[in-house]
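Here is a briefing on one structure.

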Amino acid sequence: MTKEEILRQYFGYSQFRQGQELLIDSILAGKDTLGIMPTGAGKSICYQVPALIFQGITLVISPLISLMKDQVGALNAAGIHAAYLNSSLTQGQYFKALDFARQGRYPIIYVAPERLLTDSFLDFALNAKIAMVAVDEAHCVSQWGQDFRPSYLKIVEFIDRLRERPVISAFTATATSQVREDIIRILKLQEPTVLTTGFDRANLYFAVKSPKDRYASLVNDLERHRGESGIVYCLTRKTVEEVCGKLIKDGFAATRYHAGLTDEERRCNQDDFIYDRSPIMVATNAFGMGIDKSNVRFVIHYNMPKNMESYYQEAGRAGRDGEPAECILIYGGQDVVTNQLFIEHDQDNEALDPETRALVQEQDRERLKKMTFYCFTNDCLRNYILRYFGEYGSNYCGNCSNCLSQFETVDVTEIARALVGCAADCGQRYGINVIVDTVHGANTAKIRGYRMDENPHYGELSKVPSYRLRQVFNYLLMEGYLQVTNDGYTIVKLTGQSGGILSGETKIQMKLPKEQEPSAKVRKIKKTAKGAGAAGDLGEREQSLFERLRSLRAQIAREEKVPPYIVFSDKTLVDMCLKKPVSREEMLEVSGVGKFKYEKYGERFLLCIGGEG
Ligand code: ADP
Ligand code: ZN
């Protein structure tokens, strides 16, 4: 079969996406290949399609048990024989799977990296024809990445022991150049084809909010997404417990996930989410790696996460089916402090020698700073993200909260001069709060204790609200007119650029959101709400068909004990509603319906569409 035929027959898609074809061709030509693509871009198909063309076995190295299980489930549902080998199998199951593997039953086998060098696995691998080793989540080999896994270092040793060197392919969604170089070096890729596809996820809407009442803001967003599935990320277990408890009391079908729960409870809650029994998951960042749920319609961060890498990865779990989805970050000043504490007390770093540890902490603080700037920028959020990952977006995406707010350009030179002057005159000894309070003229014990009430700038801008002073302060930080040290206490320091502000040479202009009429705000929320959701663009009749198809899918999922999206994705159901197929041929034209799935489910869905289901 050709690669196109495989795509159509097994996966039910009519064409490859941007980048997929190039990567597949490179692999088929026998070249080592590194694919860097954002979550949801379709990395798996890049190694699964060649695996079905190669003579021999493809080993897929994957870090997480849940991820393997999901992928293997999806492959088998599509009629492809695949297996996984990891610690979730009993001894008996493991050896049985190895036996089948020896008989050549599986073109694709998922293996945990810890298994590779075990005697039993080597005994199999050294006597089999391994055509390709595909390394999923390849950034796990890099100590610079945030998901470093020492067991990934075993991959090269394993490959070196094989009699014939297979094609090596590696895939990741982490794009920084340091990580990319690490992957190539550590996995010893030989003159690899490297392809980075656009990191943009056009279907995701990005927003940042800093409301007075976080919880009320969250409920407001959840109301707009009634009946849809999504994730609420919190920084700490305690917050997860609090928020989840309140949501349940307020009538939302929520469940929770964090490292403090028992394995059993975690698995159970995760299943409730995946099977849509509890469509809202409230969780710490422990949740999500390997969750392949395609119909996540929103990811709301109840706190600011520690860096942009985490943020984009977590937010990226929304809208994997390509349909519109929302990524909302709720920011509060306390989040910075909490994250700083995490950095100071990171247990993973305790094993490191003091020097390396200091270096890692330094990097973490730098990343936290960039994350904080994301919450304060008034420019296009998507553009900020893309620039962070080394790409250039346009300055206007039209699908983020900044692009959709109206801004006006305001001259803030006077405020800037007061803030910088205040920091200079106190000998660069104090933190942000002290500087802002001084300029604002706060009469507190702390200010008097530091004798800041004697600073020449004390009370200079008492009429300017403190939030505005803070906005300008953050802008000065972002643009490098001021900096903060971060060794335990944050202290405001001048930079090489500060002089121009003090002397009056530098004028500072800032884009600030126009104060909006409340009614206009409500209208805007309504407008975004309508477009959201996979089924958002369907007419009324199609909506009701969509609901019927959805319940048929739920029923089949229950019968077969698989998550609903393994049967068909939301996107496939939407396509059915639009095309309303009446025959086998027409059904096969629907995106996501391959031959194998048609044989299994096609007729039941045809009947349902015909109104008899
Ligand atoms: P990644 O691993 O890059 O995060 P996946 O491999 O899980 O992404 O793919 C994301 C979704 O896109 C899946 O539902 C997959 O079936 C779908 N997909 C992949 N390739 C195509 C394609 N060529 N056409 C349509 N859908 C595709
Ligand atoms: Zn934008």
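Two strands pair if DSSP finds at least two bridges between them. Helices (H or I, at least four residues) and strands (E, at least two) are DSSP runs, numbered from the N terminus. This is a predicted model, in which local features need pLDDT of at least 70, side-chain atom pairs count only at pLDDT 80 or more, and totals for chains, interfaces and linings use all residues. Residues are numbered from 1 along each chain as its sequence is written, chains are lettered from A and ligands numbered from 1 in the order in which they are written, and side-chain values use heavy atoms, with hydrogens and water left out.

**Antiparallel pair**
- Strand S15 (residues 482-485) pairs with strand S16 (residues 491-494) in the antiparallel sense, over four bridges.
- Val484 has Val492 of S16 as its bridge partner.
- Buried means under 20% relative accessible area, exposed over 50%, partly exposed in between (1.4 Å probe, protein chains only).

**Open sheet**
- Six strands form an open sheet with parallel pairing, in the order S8-S13-S12-S9-S11-S10.
- Strands S8 (204-209) and S10 (254-257) are the edges, and each pairs on one side only.
- Strands S12 (residues 296-301) and S13 (residues 325-330) run parallel and are joined by four bridges.
- Phe298 has Glu326 of S13 as its bridge partner.

- Cys380 lies in the loop between helix H14 (354-376) and helix H15 (381-388), and Cys400 in the loop between H15 and helix H16 (401-404), so the pair ties together parts that are 20 residues apart in sequence.
- Both Cys380 and Cys400 are buried.

**Nonpolar cores**
- A nonpolar core is a set of buried Ala, Val, Leu, Ile, Met, Phe, Trp, Tyr and Cys residues joined through side-chain atoms within 4.5 Å.
- The largest nonpolar core has 146 residues, and Phe121, Phe206, Tyr374 and Leu476 have the most contacts inside it.
- Helix H17 (residues 413-425) gives the largest share of this core, seven residues.
- Another core, of 23 residues, lies apart from it and includes Phe546, Leu549, Leu573 and Cys577.
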